[in-house]
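Work through the exercises below with the model open. Try each task before reading its solution.

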Amino acid sequence: MNGSPDLSIRIGKLRLKNPVMPASGTFGYGMEYEQFFDLNKLGAIIVKTITLRPRLGSYPHRSTEVPSGFLGSIGLQNVGIERFIQEKLPYFENIETPLIVSIGGESVEEYVKLAERLNHHPRVDALELNISCPNVKKGGIHFGVDPEMTKELVNRVRNATDKTMIVKLSPMVADIRIFAEISQKGGADAVSLINGLVGLAIDIKTRRSKLGRNITGGLAGPAIKPFALYLVWRVNKVIDIPVIGSGGISSAEDAIEFIIGGASAIQIGTYNFINPWITLKAIGGIEAFLIQQRVNSLSSLIGKLEN
Ligand SMILES: Cc1cc2nc3c(=O)[nH]c(=O)nc-3n(C[C@H](O)[C@H](O)[C@H](O)COP(=O)(O)O)c2cc1C
């Protein structure tokens with residue numbers, strides 16, 4: 001093997017120097033992590049999901065720890081698209097890492113407006129559609145659990161943007177492959193999975209949910225890793241666009257498992273709260289593994305699960 005292994009991968013129009021990025025909602029607006037390390041080292045940066053109007057998020061209690069996991073109802077707290085563009089986006093002018101903006105809406109029109117608003121902004125490299133938002137017009141059902149709604153959303157946003165488009169899939173469906181295929185057909189450049197599962201934790205003395213009046217929350221962290229890996233493997237078999245894997249990744253070894261299982265890139269969420277350097281550690285660990293295994297390029301490992 002000559003020199004360092006090639007960790008780079010392509011997602012749509014983007015070239016990522018390595019496959020590691022934070023997961024939306026666990027890395028703030030990016031700048032919060034500059035105190036820990038140089039953000040130029042990441043494969044990509046994804047910010048918290050941005051909505052058309054600012055959102056204050058859920059009432060307390062918003063989070064609770066569960067065995068090997070995190071149960072949370074944050075409620076998409078964010079500053080809204082206009083403040084994001086004015087106050088958060090300029091920070092990225094001095095950073096070279098590709099920037100992926102996660103967007104969420106309560107109607108197809110809101111997603112389209114967000115995509116249009118960001119389309120001509122040169123510093124935004126890609127959009128990740130968080131389709132786990134409730135569609136208010138259709139009675140609050142999540143876009144990502146209804147194939148027709150997913151199809152309409154993906155097609156309409158595709159027509160509204162030239163940016164690389166990633167669709168983030170929900171695991172709360174009977175067959176996630178259908179949603180991956182719809183995304184590919186609708187012009188997505190990649191899919192990312194999984195968003196949190198839905199969970200409930202009860203305080204048996206008060207008989208109340210540990211998340212108070214939110215009752216349920218998103219379950220994330222190592223508890224969901226085998227399930228997330230299974231879905232990545234399943235989805236990668238049926239589509240040709242890259243799969244970005246997430247769900248409980250807490251080490252380079254976990255990341256490599258996802259890559260062998262079919263992920264072209266990976267996202268780390270909850271573990272950033274335990275170790276803010278975890279993304280860096282994963283990049284270093286992946287490189288060391290490739291050197292040790294005498295593998296020249298990461299892309300040759302993608303989906304290479306032996307039977
Ligand atoms: C505190 C918290 C906030 C999150 N906020 C968002 C969000 O705004 N948008 C989104 O698409 N996913 C959000 N997620 C889901 C993560 O991006 C990720 O898909 C999920 O947590 C699984 O990865 P993990 O097990 O590594 O945390 C959030 C997760 C957590 C724990």
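**Exercise 1**

Does T279 count as buried or exposed, and at what relative accessibility?

Solution. This is a predicted model. Start with the accessibility: T279 has a relative value of 0%. The cut-off for buried is under 20%. T279 therefore counts as buried.

T279 belongs to helix α8, which spans residues 278-292. Then list its contacts, skipping residues up to four places away in sequence. T279 touches V20, M21, P22, F37, L42, I268 and N272. Finally, take the pair T279 and L42. In sequence they are 237 residues apart, yet their C-alpha atoms are 7.4 Å apart in space.

**Exercise 2**

Find where N214 sits, and name what it contacts beyond its sequence neighbours.

Solution. Begin with the secondary structure. N214 is in the loop between β15 (208-209) and β16 (217-220). The relative accessible area of N214 is 19%. Buried means under 20%, so N214 is buried.

Leave aside neighbours within four places in sequence. N214 is then in contact with S58, Y59, P60, H61, R62 and S73. Look at H61 in this list. A polar side-chain atom of N214 lies 3.1 Å from the backbone oxygen of H61.

**Exercise 3**

Which residues of helix α1 are buried, and why do they line one face of the helix?

Solution. Helix α1 covers residues 81-88. Its buried residues are I81, F84, I85 and K88. Now look down the axis of α1. The buried residues fall within an arc of 115°, so they line one face of the helix. Last, ask what covers them. The cover includes β7 (99-103) and α2 (108-119).

**Exercise 4**

Solution. Count the shell first. Sort the shell by class.

- G269: a ligand oxygen is 2.9 Å from a polar backbone atom.
- I194: a ligand oxygen is 3.1 Å from a polar backbone atom.

Close with the cover. On its own, the ligand has 610 Å² of accessible area, and the protein covers 93% of that.

Terms used. Residues numbered from 1 in each chain as written. Predicted model: local features only at pLDDT ≥ 70, side-chain atom pairs only at ≥ 80, totals over all residues. Heavy atoms only, no water. Polar contact = N/O pair within 3.5 Å; in protein donor to acceptor, adjacent residues only side chain to side chain. Areas by Shrake-Rupley, 256 points an atom, 1.4 Å probe, with all protein chains shown as cover. Buried < 20%, exposed > 50% of the residue type's maximum accessible area, 1.4 Å probe, protein only. Helix = DSSP H or I, 4+ residues; strand = E, 2+ residues; numbered from the N terminus. Arc of directions from axis to C-beta. Contact = heavy atoms within 4.5 Å.
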